[in-house]
Amino acid sequence: MQLIENQKVMITGATDGLGKKVALDLAARKAGVIIHGRNPRKGESVVKEIREATGNPKITYYNADFSVLDEIGMLAGKLRADQGRLDVLINSAGIGPGPDGSAWEESKEGYELRFAVNYLAAFLLTHRLLSMLRDSAPSRIVNVASAGQQ
Ligand SMILES: NC(=O)c1ccc[n+]([C@@H]2O[C@H](COP(=O)([O-])OP(=O)(O)OC[C@H]3O[C@@H](n4cnc5c(N)ncnc54)[C@H](OP(=O)(O)O)[C@@H]3O)[C@@H](O)[C@H]2O)c1
């Protein structure tokens with residue numbers, strides 16, 4: 001097992017909530033942290049905030065809207081091209097029930113929105129990064145879920 005400071009950890013949905021907190025914690029422990037989000041301006045601001053808070057320069061940002069499956073394919077391609085290794089993938093990006101928990105919403109591609117963002121996106125990204133994770137073994141995949149998603 002690599003020392004934490006030699007590990008590269010990607011956290012999806014790291015621009016807010018749980019993902020951001022985990023990113024901050026891992027950055028403070030000197031890991032290389034790959035932050036994912038869907039809003040480049042917010043993403044760059046989170047990178048700046050975490051670098052300043054921890055003094056860790058190894059923080060990078062990648063953008064992809066998880067309601068669009070094509071964007072996930074492109075994200076995985078960029079990660080494979082840019083990053084030599086990936087020790088941990090934490091799938092934390094997700095959306096809650098919204099103001100009206102019974103409302104039906106669809107992604108542009110016609111999938112039920114929460115199914116697309118909370119499930120399909122993480123599955124596809126993980127699938128596309130599996131060879132990279134295997135090459136970095138012993139590696140880990142952490143899926144964050146919610147009883148509410150049922
Ligand atoms: N909060 C709870 O009580 C709770 C309970 C059980 C499980 N969970 C699970 O824990 C995980 C994190 O939840 P949280 O409370 O930390 O949520 P959060 O604070 O709302 O953060 C969600 C993260 O996912 C990103 N995201 C949302 N939609 C996206 C999309 N279409 N494409 C790309 N990124 C997107 C958000 O980006 P923006 O910053 O741009 O919004 C943010 O970075 C979720 O999987 C959730 O189901 C949460």
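Colleague: Buried means under 20% relative accessible area, exposed means over 50%, and partly exposed is in between. On that basis, what does E105 count as?

Modeller: This is a predicted model, and in it E105 has a relative accessibility of 34%, so E105 counts as partly exposed.

Colleague: With which residue does E105 form a salt bridge?

Modeller: The partner of E105 is R114, and their closest N and O atoms are 3.0 Å apart. R114 has a relative accessibility of 18% and therefore counts as buried.

Colleague: How many salt bridges does the structure hold?

Modeller: There are six salt bridges in the structure. One of them joins K20 to E49, with 3.1 Å between the closest N and O atoms. K20 belongs to helix 1 (residues 17-28) and E49 to helix 2, so this pair ties together parts that are 29 residues apart in sequence.

Colleague: And what is the relative accessible area of K20, and of E49?

Modeller: K20 is partly exposed at 23%, and E49 is partly exposed at 37%.

Colleague: Which residue forms a salt bridge with R85?

Modeller: R85 pairs with D87, the closest N and O atoms being 2.6 Å apart. R85 is partly exposed, with a relative accessible area of 24%, whereas D87 is buried, with a value of 2%.

Colleague: Let us turn to the helices. Which residues of helix 1 are buried?

Modeller: In helix 1, G19, A23, L26 and A27 are buried. Viewed down the helix axis, these buried residues fall within an arc of 100 degrees, so they line one face of helix 1.

Colleague: How far does helix 2 reach from its first C-alpha to its last?

Modeller: Helix 2 covers residues 40-54, 15 residues in total, and reaches 21 Å, close to the 21 Å expected at 1.5 Å a residue.

Colleague: Which residues are buried in helix 2?

Modeller: They are G43, V46, V47, I50 and T54. Seen down the axis, the buried residues of helix 2 fall within an arc of 105 degrees, so they line one face of the helix. R41 and E52 are exposed on the other side of helix 2.

Colleague: Where in the structure are F115 and Y119?

Modeller: Both F115 and Y119 lie in helix 4 (residues 113-135); being four residues apart there, they are separated by about one helical turn. F115 is partly exposed, with a relative accessible area of 41%, and Y119 is partly exposed at 47%.

Colleague: Now the backbone. What kind of peptide bond joins A137 and P138, cis or trans?

Modeller: The bond between A137 and P138 is cis, with omega about 5 degrees. P138 lies in the loop between helix 4 and strand 5.

Colleague: And what about phi of K30, positive or negative?

Modeller: K30 is a residue other than glycine with a positive phi, near 75 degrees. For context, most residues other than glycine have a negative phi, and most peptide bonds are trans. K30 is in the loop between helix 1 and strand 2 (32-37), and its 39% relative accessibility makes K30 count as partly exposed.

Colleague: Finally, where does G84 lie?

Modeller: G84 is in the loop between helix 3 (69-82) and strand 4 (88-91). G84 is exposed, with a relative accessible area of 75%.

Colleague: By how many Å are the C-alpha atoms of G84 and L113 separated?

Modeller: The separation of those C-alpha atoms is 32 Å, with G84 and L113 lying 29 residues apart along the chain.

Key. Residues numbered from 1 in each chain as written. Predicted model: local features only at pLDDT ≥ 70, side-chain atom pairs only at ≥ 80, totals over all residues. Heavy atoms only, no water. Helix = DSSP H or I, 4+ residues; strand = E, 2+ residues; numbered from the N terminus. Buried < 20%, exposed > 50% of the residue type's maximum accessible area, 1.4 Å probe, protein only. Expected span 1.5 Å × (residues − 1). Arc of directions from axis to C-beta. Salt bridge = Lys/Arg side-chain N within 4 Å of Asp/Glu carboxyl O.
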